[in-house]
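Please look through the sequence and the model shown here. The paragraphs after them lead through selected parts of the fold.

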Amino acid sequence: EPAQFDPTFKGPMRKSAKLSLLTLFNLLLLLSVFLHQRLHGYNLLYPVHGSHPRLLCSRDLSLALWRPKTCPLSKKLHWMNQSNSFFPSSLFRGRPNLFYMDILKCATSVNVMATALNGLQCPTTQVCVESCPTDFWAVEVQAYVSSVKPANVFNKSLCVPSIDLEKTELNVQQIVEQQLCPLFYMPTTSVLGRCLPDITALGNIPPYFANIPGFPSSVNETVGIIKNGTGDIVNGFNARDVGIRIFEDFASSWPWILIGLLIAMVVSMLFLLLLRFTAPVMVWVLIIGVLGAGAYGIWHCYWEYNNYKQASATISNVGFTTNFSVYLQVQETWLAFLIIISVVEAIILLTIIFLRTRILIAIALIQESSKAISHMMSSLLYPLVTFVLMLVCVAYWGATALYLATSGSPIYRVVALNSSMSDCKSINGSVDCDPQKFNVSNYTDCPSASCIFIKYNDEGLFQRNLFNLQIYNVVAFLWCVNFVIALGHCTLAGAFASYYWAFTKPGDIPMFPLSASFIRALRYHVGSLAFGALILTLVQILRMLLEYIDHKTREAQNPVARFIMCCMKCCLWCLEKFIKFLNRNAYIMIAIYGKNFCVSAKNAFMLLMRNILRVVVLDKVTDLLLFFGKLLVVGGVGVLAFFFFSGRIVLPGNTFHLNYYWMPIITVVFGSYLIAHGFFSVYNMCVDTLFLCFLEDLERNDGSLQKPYFMSKNLMKILNKSNKAPKKGKGKD
C-alpha cells in the first residue's frame, strides 16, 4: 500500500532500534576481539632476541649483518651488528659502494640459498666501502698460523665496521669463518653502487687462488663460478634498477601529474554542476543518436538487400560453407538483418514514446541533483573521508595478518650454502641452531655451513589456530569496510534528503547539512548500518568459500560439477548485487525516517516495486550520463597527458626527461578515473536519494495546504501537479 501522510515528519529523523543496538554491540565486540588479536600477535611477534619487529629485520642474523641494499651518500641508513644494536649512519658516510665479501656464494649453480632467493639477494656479508678493490688478493695458507696478526693480513676498509683488527682476540681463521673480513677479493668496478668483478681482468687471476681453502682446485673453474655469480647479481638488481628509473620519473614529473589530476577534478566538478543545464540536451541527443544509428542501419541493410536481389544472389546458390563471409553476399542475410534492426528500432521508438514522461522526470531529477550539489559543495569531498577510513581498515587488516603470520618463535637450522662439496652432503637442514651462538668451526669439513632461518614455530594452541584467526581477521575486515561504505551512503543520503524536504530552497536548508548528517548517522544509525553491512559480509564470505572450494576441487570436477559450481557462483553474485542495491536504498530510508534496517529495507523495496518503470528509466538514464561523463574526464585528461609526457606538447622551460613516459600517463589516467568515480558516486547517491524522496512525496502528499508537495516546480509541471496557494499570502516560490 502507498505510504500515508505523517504530519510529524519534518525531514531526516533521529531514531534508534533495539535490534540495531544489538548489532552495534556485536560489531564493537568483534572490533575489541580484533584489537586483542592484533595485540596478542604483536606481543608474540616482538623480539625473541630483544629489540626489533621481525617484519623489519632479517630473520637470518648470520647473513643480514651489515647488508644494506645500497650505500647512497644522501641516505641515513643503519645496519645491525652482532650485538643486535645499530651502527650510527656517520660510519658509512663517504662509502657509496657495496662490496660482496664472497662473490662465489652469489652463483646459483653451487649455492642452494641463492637459488631459493632467485638471485634477488646474495647470501654473503656485504659492506659499504669508499672504493671498490682494483687488484687480486687472497688469504694464503701461511696466514692461518696463530702467531700472524689479523691487522697484517686484512684490509680494514673492506671489513665490517665493528671489528678492530689491532685489538681483536680472534685469529685469521675465525675472522674468515665469521665473514668479518673477506677471504679474497679481485679487481671490481662500481655498477649502480655495487662492486662487481671486472670480467676482463679474470684472465690474470693468480695461480695461488687454486690453493685457497674452499676454492675449486682449478683456476678456470673459479673464473666460471665468478662469472656466474656476477650474472646472478646483475639479474637480481636489474629489477630494482627499473624501479629506480620509474621512481626517478615520478620524482621529476610529480608536479605535472598533480596538475593533471587537478584538471580531472575541475572537469568532473564542472560536468556535474553543468548537468542542470546540459542534461536535457545530452539525453535527447543520445536518444536521437541511437534512433539515427538504427535508421541508418535499416537503410544500409535495404540498400545491400536490393543490390544482391538485382544480382540474383540467393542462399541456394551458396549452400552450406564454413566461410561465413560468403553469407554476407546473399540477399537473405541482409533481409534478415533488415527485419531484426527494424523490429529493434520500432521497439525502441515505442518505448521512448510510452516512457517519455518518465524520461522527463529522470531528466528533472538529474537537474535537481545538480542543483542540490551546488548548494552542498562539501559533499563532493566526502569520498576522501570514506577513502581514509577504508585505508585505515586495509592497513589494520594487513598489519594484523602479517603479525599473525609471523607470530611464534623462529626456527633456525644448519644448512650448507655450498651443497656441491662432498663433505657438506651430510648436512640436510634437520639440526636446530642458535644464530647468535653458532660457530662454523664445529663443522670443519664443511666451511660453508651456516645457521639460517627456516620457518616460524607452528606448535602450541595459538599457532595451531592461526588459520582460524586469519579467517576471523578477514571477516572483521569485510564487515568494517562494508560498514564504512554504509556510513558514507547514510551520511550523503541524510544531507541530500535535508535539501529535498526543505520547503523553501535554499532558505530552509539547515546549516552544515553534511556535518549534521554525519553526526546524526554516528549517533542514531550506527547499529542499523552495522546490521546491513553484516548481511552483505555474510554473502561475500559465502562467495569466498565457494571460490575456495572451486579452486581446491577444480582438477577433480567433471563437466556436470563445473556447471553446477558455475551456476552457484552466478547465483551468489546476483545475490550480492541485489543485497548491495537493497542496502543502498535501505540506508537512504534510514537517513530519512530513522527506522531500523529491516523496516527501512522493506519500505524501500516496496516503494521501488510500486514504481518499477520509473526506477528502470532513471537508473539507465543516470548510468548513461555518468558513463559519458567518466569517458569525457578520463579520455580527455588521458589524451592530454599522452601528448604532454610523450613530448608532443612542449612548454617553455620544460626540460625534464622521462625514462618511461607511460608511467606518468598511466598514473594520471588511473587517478583521473578514481577522481571521476568519487565525484560521480556522490552525484549518483544524490539522484537515488532525491528519487526516493520524490516517490515518498508523491504518495504522502497531495498538494493541499495541509499536505503540500516538496518537489520542484519543474517536476510538478511534468506531472501536472501543483500546490494550492493559501487565500492570503504567498505560496511556495
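The structure holds 4 cavities of 30 Å³ or more. A cavity is a set of points, on a 1 Å grid over the protein atoms alone, where a 1.4 Å probe fits but cannot get out; its volume is the space filled by probe spheres set on the points, which are joined across faces, edges and corners. The second largest cavity has a volume of about 90 Å³. Its lining residues, which have an atom within 4 Å of a point, include Phe 99, Tyr 100, Phe 184, Tyr 185, Thr 188, Cys 195 and Pro 197. Strand 1 (97-100), strand 4 (184-185) and strand 6 each give at least two residues to this lining. Strands are DSSP runs of E of at least two residues, helices are runs of H or I of at least four, and both are numbered from the N terminus.

The model is predicted: local features need pLDDT of at least 70, side-chain atom pairs count only at pLDDT 80 or more, and totals for chains, interfaces and linings use all residues. Residues are numbered from 1 along each chain as its sequence is written, and side-chain values use heavy atoms, with hydrogens and water left out.

An open sheet is formed by 4 strands in the order 2-1-6-5, with mixed pairing. Strand 2 (126-129) and strand 5 (188-191) are at the edges with a single partner strand each, so one side of each lacks a neighbour in the sheet. Two strands pair if DSSP finds at least two bridges between them. Strand 5 and strand 6 (residues 194-197) run antiparallel and are joined by 4 bridges. In this pairing, Thr 188 stands opposite Pro 197 of strand 6; Thr 188 and Pro 197 also line the second largest cavity.

The mean pLDDT, the predictor's confidence in each residue from 0 to 100, is 76 for the protein.

Note on methods
1 Å grid on protein atoms, 1.4 Å probe; cavity = no way out; pocket = protein on both sides within 12 Å on 5 of 7 lines; lining within 4 Å.
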